[in-house]
Amino acid sequence: MKRCTKCVIPDTRPNIVFDENGVCSSCNYVPFRKSWDFEKLKNECLEIVKKHKKNPHYDCVVAVSGGKDSFYLVKTLKEWGLNPLCISIRPLIPSPIGIKNLHNMVYTFGVDLIQITLGEQRWRDESRKWFLEDGNCFEAWVIATFRDVQDMAKKFDIPIVFYGENGNAFYGGSTEKTVLEEYSKYITSGQEVITMYLSDWAPFVSSENLRIAKEYGFTENSVRSVGGFTKGYSLDDTIDELYLWFTYPKFGYGTSTKYGAQLVREGKMTREEALDKIEKYDGEFPFDNIDLIMEYLGITVDEIIATIRKFTNYHHERIEGIIQELEKKKK
Ligand SMILES: [Zn+2]
């Protein structure tokens, strides 16, 4: 495994591309964005929204979770004079702090919110299937943030849906292929809904979004996240802890690498500081909440161990230690 010479992301991350100097495509995307004229982009964005407006009340839909990026997204759209309808997909296992943050977001910005809850059993079944077949307990929820939010937007006759960052451009290899294209096979509303990533039109810096969100009523956790060192990232859904952990056996890096790389790129920590956090926390398993998560997914200890083994491409003594701990639950 080779890490980017600027940040800490390894070449095992799907879709990442390294240049001849060993610098990853995400690091090269940062200076590329510096030349953008955001005032001009904002006006172009508003033109598109105005041109497609159909609903007399709402200008656009915004997909939200109540996390730091949602606060920034809603704040920006409101400042641009737009009236967005917020739509959120209920987290699989909602965390108390996530519920509070979503409430604060709606209250602070005075926006309307629709929260979609998929049929509980169907949702559990889908999440269980994704977990056992793909080692990804969060995929059913991610699909819903595209499929169901867009279906709802269509029902309200709102053809523009905003999301946060263009993930492929920010973290992957290509600036051309969007995340939406990956999920397009699940979307039934087709071309009638236009996806807009705010990061394509406005500054979008995760640590800045957190700082701004906190000014508007967003609360960080009192403790660092499992496997990571941040307190304000991925707070809404307890199941995220297992989802984020699985990159460790699959791709050989964990949550500290993921957020460490972002913060190094944003100039908020040094590469050495990030490597230190990675050494300490990467691959830490969510033992505190694993019983809750297993109960939600309806999986046994044997099934979780078998799934870890099935998707372990990068062996590490930490993973063997975790499996031994899980084995004890059987007694
Ligand atoms: Zn990099």
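Colleague: What separates the centres of domain 1 and domain 2, and how is that taken?

Modeller: The centres are 25 Å apart, taken over C-alpha atoms. This is a predicted model: local features need pLDDT of at least 70, side-chain atom pairs count only at pLDDT 80 or more, and totals for chains, interfaces and linings use all residues. Residues are numbered from 1 along each chain as its sequence is written.

Colleague: Where do the two domains run?

Modeller: Domain 1 is 34-207 and domain 2 is 221-330. The bounds come from an automatic or database domain assignment.

Colleague: How many residues are in contact between the domains?

Modeller: 24 residues of domain 1 meet 26 of domain 2. Contact requires C-beta atoms, placed from the backbone, within 7 Å.

Colleague: Which element gives the largest share of domain 1's side?

Modeller: α5, with five residues. Two or more residues also come from α4 (96-109) and α9 (206-215), while α5 spans 120-134. Helices are DSSP runs (H or I, at least four residues), numbered from the N terminus.

Colleague: Why is α3 called roughly perpendicular to α9?

Modeller: The α3 helix (residues 68-79) packs on α9 at about 75 degrees, with axes 8 Å apart. Axes are lines fitted to C-alpha atoms over the stretch in contact, and angles run from 0 to 180 degrees between N-to-C directions. Roughly perpendicular covers 65 to 115 degrees, so α3 is roughly perpendicular to α9.

Colleague: Which residues meet there?

Modeller: Lys68, Asp69, Phe71, Tyr72 and Lys75 in α3 meet Asn209, Leu210, Ile212 and Ala213 in α9.

Note on methods
Two residues are in contact if their C-beta atoms, placed from the backbone, lie within 7 Å. Angles under 35 degrees count as roughly parallel, over 145 as roughly antiparallel, 65 to 115 as roughly perpendicular and the rest as oblique.
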